[in-house]
Amino acid sequence: MKIPFSPPDITNLELDEVMQALKSGWITTGPKTKELENSVANYCGTQKAVCLNSATAALELTLRVLGVGRGDEVITSSYTYTASASVISHVGAKIVLVDTAKDSYQMDYQKLEKAITSKTKVIIPVDIAGKPCDYNKIQEIVENTKSKFKAKNNLQKAFNRIVILCDAAHSFGALYNGKKIGSIADFTCFSFHAVKNLTTAEGGAVTWKEKVGLDSEKLYSEYMLWSLHGQSKDALAKAKAGAWEYDIKKLGYKCNMTDTLAAIGLAQLKRYDKLLLRRKQIAEFYNKEFLGTRIKPLVHDDSECNSSYHLYLTRIDDANENIRNKIIVDMADRGIATNVHYKPLAMFSAYKELGFDIKNYPNAYSQYQNQISLPLHTLLTDKEILYITKNFKEIVESYFS
């Protein structure tokens with residue numbers, strides 16, 4: 001067998017939506033992008049959503065909309081993909097990394113609170129693998145540290161505390177205390193990349209929670225400006241008769257979503273509840289098969305969380321980095337693609353050059369050294385799932401028998 005790690009699940013429904021967009025003559029940002037924005041907002045239970053070309057763009061533009069820049073600090077997890085942190089550097093702020101809690105993929109919340117200074121403007125928690133963070137605890141922390149917060153502009157004054165900007169690249173459709181991710185944090189950024197649960201090939205979105213003093217229409221316009229060169233009109237607005245003229249209101253970027261990509265997302269959203277259910281079924285089968293073994297999976301659901309089951313993370317008891325890497329090669333030799341989520345940021349050259357040292361993040365390293373992610377996607381057949389579990393158990397035990 002040849003089992004890929006995370007191929008996109010594309011059906012005739014997606015093909016038909018894309019063909020409609022292509023035949024319409026409107027393939028850049030237009031009616032389908034606006035429709036997807038409305039659909040994402042409705043799905044998450046928010047008034048507005050902005051669709052962009054990536055979750056990375058959504059994170060960075062949110063920092064820019066908030067006015068975060070030089071002299072500011074933004075805190076995120078040491079155990080995440082680089083996009084959670086690189087955007088902080090892009091806007092000129094200081095990256096502050098927090099170690100995970102022991103035997104956890106999430107930040108150590110005590111260390112998070114200790115990392116907050118008068119320069120901290122934003123916390124970027126990460127919903128790793130589709131399991132939401134402890135948002136009650138994070139909200140409690142930002143309330144407890146309000147006295148340290150110093151607002152730099154009117155939008156920051158509307159919050160009057162550190163802003164919670166969720167990296168929810170993995171958790172579209174997940175629930176925390178019965179509420180959809182996207183409606184809980186102050187701002188939430190999703191990824192619709194090719195390997196994500198819901199894909200637009202490349203793409204992302206940002207939603208925000210309504211708040212007194214927050215003008216959602218103005219916020220939406222700010223995102224539009226930043227995402228299209230600071231241009232006061234998009235192509236759809238300029239297409240109206242005689243409406244060619246526009247202004248450049250700021251030196252923005254080019255990270256808008258197109259209608260061809262939005263069309264894929266619209267079709268995916270129609271199927272999404274069934275896709276989530278299948279992912280959960282696969283994960284539950286894995287869980288049952290690994291009971292009583294040294295393979296320890298992430299617990300996705302608990303009394304507070306209902307995961308979107310984006311990734312199936314496991315740790316191998318008593319395995320070190322060398323054994324873990326050999327297991328990955330052995331799985332590949334049997335046609336099974338696996339992965340590691342994630343190598344802690346302090347282990348990468350770019351972060352070492354910024355002064356980060358993995359010795360300061362021992363819990364993150366401990367999570368990483370024996371971590372293996374198994375295929376979890378909706379194209380897996382029951383036969384393939386059995387093949388994966390059988391071989392994974394055999395290979396793992398061969399190193400400890």
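Mentor: Leaving aside residues up to four places away in sequence, T314 touches Y105, I295, K296, P297, N370, Q371, I372 and F392, where contact means heavy atoms within 4.5 Å. The model is predicted, so local features need pLDDT of at least 70 and side-chain atom pairs count only at pLDDT 80 or more, while totals for chains, interfaces and linings use all residues. Residues are numbered from 1 along each chain as its sequence is written, and side-chain values use heavy atoms, with hydrogens and water left out.

T314 sits in strand β12, residues 312–316. Helices (H or I, at least four residues) and strands (E, at least two) are DSSP runs, numbered from the N terminus. T314 counts as buried because its relative accessibility is 0%; buried means under 20% relative accessible area, exposed over 50%, and partly exposed in between, with a 1.4 Å probe and protein chains only. The side chain of T314 also reaches the backbone oxygen of I372, at 2.8 Å.

Next comes the sheet. β12 belongs to an open sheet of three strands in the order β10-β12-β13, with antiparallel pairing. Two strands pair if DSSP finds at least two bridges between them. The edge strands, each pairing on one side only, are β10 (295–297) and β13 (371–374). Direction ignored, neighbouring strands of this sheet are turned by 35 degrees against each other on average. β10 and β12 run antiparallel and are joined by three bridges; T314 in β12 is the bridge partner of P297. Across β10, β12 and β13 lies helix α10 (residues 259–290), running at about 15 degrees to β12. For such angles, axes are lines fitted to C-alpha atoms, for helices over the stretch in contact, and values run from 0 to 180 degrees between N-to-C directions.

I372, the residue whose backbone oxygen T314 reaches, is also touched by I328. I328 lies in helix α11 (residues 321–333). I328 and L374 are 46 residues apart in sequence, with their C-alpha atoms 9.9 Å apart in space.

Now the nonpolar cores, each a set of buried Ala, Val, Leu, Ile, Met, Phe, Trp, Tyr and Cys residues joined through side-chain atoms within 4.5 Å. The largest has 53 residues, and L63, V122 and F187 have the most contacts inside it. Helix α3 (residues 55–65) gives this core its largest share, six residues. A second, separate core of 44 residues includes V40, A168, A262 and L276. Among the residues that V122 touches are L63, V74, I75 and I162. I75 stands opposite V96 in β3. Strand β2 (residues 73–77) pairs with β3 (residues 94–98) in the parallel sense, over five bridges, and five of the five residues of β2 are buried.

For the chain overall, there are 14 helices and 13 strands. Of its 401 residues, 56% are buried. Among contacts between residues at least 6 apart in sequence, 73% join residues at least 24 apart. Along the principal axes, the C-alpha atoms fill a box of roughly 75 × 55 × 40 Å.

Conventions: Polar contact = N/O pair within 3.5 Å; in protein donor to acceptor, adjacent residues only side chain to side chain.
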